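Please walk through this structure with me. Take a look at the chain, then read the notes below it.

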Amino acid sequence: MSYQPTNPYLGPQTPPTQALPRRNMRDLAPGPSVPAAAVTGPQAQQTTELARRYELIERLGMPTAARDDFDEMARDMATQAGFLYGFVNLFLEEQTFVGLHQPSADSGYVIVGRTMSRDHGWCPEVMARKKALPLHDVHASPRFSGNHVVDAVGIRSYFGAPLIHDSGTVLGTVCVIDPEKRPLSEARRLRDIVINAGAQVMDHIVRAPVR
């Protein structure tokens, strides 16, 4: 969806852009798809990290398809923060939203799908830094304002935190996004909400694996 600066929230519903496809992850089976060809540099590191991620996911018995329990955790996080969208996000071949909360289809807001390119959004930065990223206004920094999600959904604020297992493997992120920017004075509180939500998600994964 194209971002309309004069009215970024309302208007007729149109399909999301390619970065936010309408894809039903409930029908996808889990499993790695790591390239067999030899690679070097950053690509090799990403391939190794992905393999470790899948190995841990399999060991934990964690689903890689959407589930109601993860959707509920995404909703709770977004509600606490007062944000329209909440995500529990696994970094697989794509960013995969096993937990998702968003406005209703008839709300007039953009409706997103269950996957997104690993290069889009701000979660890749959270994965790289392995700590929370609070963006009360994505346009406050040129580094973070030029993002496909800004154009596709009209997002102004983002708060995300990594999902880190005790082994050190980063499985993905939790995050909230919203079309409204937030006061800088609220940044610490909102950051703490997503950090706590990430800890709850990891506890849920480790202590209550899917049988």
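Axes are lines fitted to C-alpha atoms, for helices over the stretch in contact, and angles run from 0 to 180 degrees between N-to-C directions. Helices (H or I, at least four residues) and strands (E, at least two) are DSSP runs, numbered from the N terminus. This is a predicted model, in which local features need pLDDT of at least 70, side-chain atom pairs count only at pLDDT 80 or more, and totals for chains, interfaces and linings use all residues. Residues are numbered from 1 along each chain as its sequence is written, and side-chain values use heavy atoms, with hydrogens and water left out.

**The helix pair**

- Helix α2 spans residues 68–81 and helix α6 spans residues 187–207; their axes come within 10 Å and cross at roughly 165°.
- That makes α2 roughly antiparallel to α6 (angles under 35 degrees count as roughly parallel, over 145 as roughly antiparallel, 65 to 115 as roughly perpendicular and the rest as oblique).
- The crossing of α2 past α6 is right-handed, meaning the near helix is turned clockwise from the far one by less than a right angle.
- Contact means heavy atoms within 4.5 Å. On the α2 side, the residues that meet α6 include Phe70, Met73 and Met77. On the α6 side, Leu190, Ile193 and Val194 are among them.
- The residues of this contact divide into ten nonpolar, three polar and two charged (Ala, Val, Leu, Ile, Met, Phe, Trp, Tyr, Cys and Pro count as nonpolar, Asp, Glu, Lys and Arg as charged, and the others, Gly among them, as polar).

**The sheet**

- Six strands form an open, antiparallel sheet in the order β3-β2-β1-β6-β5-β4. Two strands pair if DSSP finds at least two bridges between them.
- β3 (115–116) and β4 (133–135) are the edge strands, and each pairs on one side only.
- Strands β5 (residues 157–164) and β6 (residues 170–178) run antiparallel, joined by eight bridges. Leu163 has Gly172 in β6 as its bridge partner.

**Helices on the sheet**

- α2 lies across β1 (85–91), β2 (95–101) and β6, at about 65° to β2.
- α6 lies across β1, β4, β5 and β6, at about 30° to β5.

**Two loop residues**

- Asn147 sits in the loop between α4 (142–145) and α5 (148–153). Its relative accessibility is 12%, so Asn147 counts as buried (buried means under 20% relative accessible area, exposed over 50%, partly exposed in between, with a 1.4 Å probe and protein chains only).
- Beyond its neighbours within four places in sequence, Asn147 is in contact with His120, Gly121 and Trp122.
- Lys130 lies in the loop between α3 (123–129) and β4. Lys130 is not a glycine, yet has a positive phi of about 60°.
- Lys130 counts as partly exposed because its relative accessibility is 45%.
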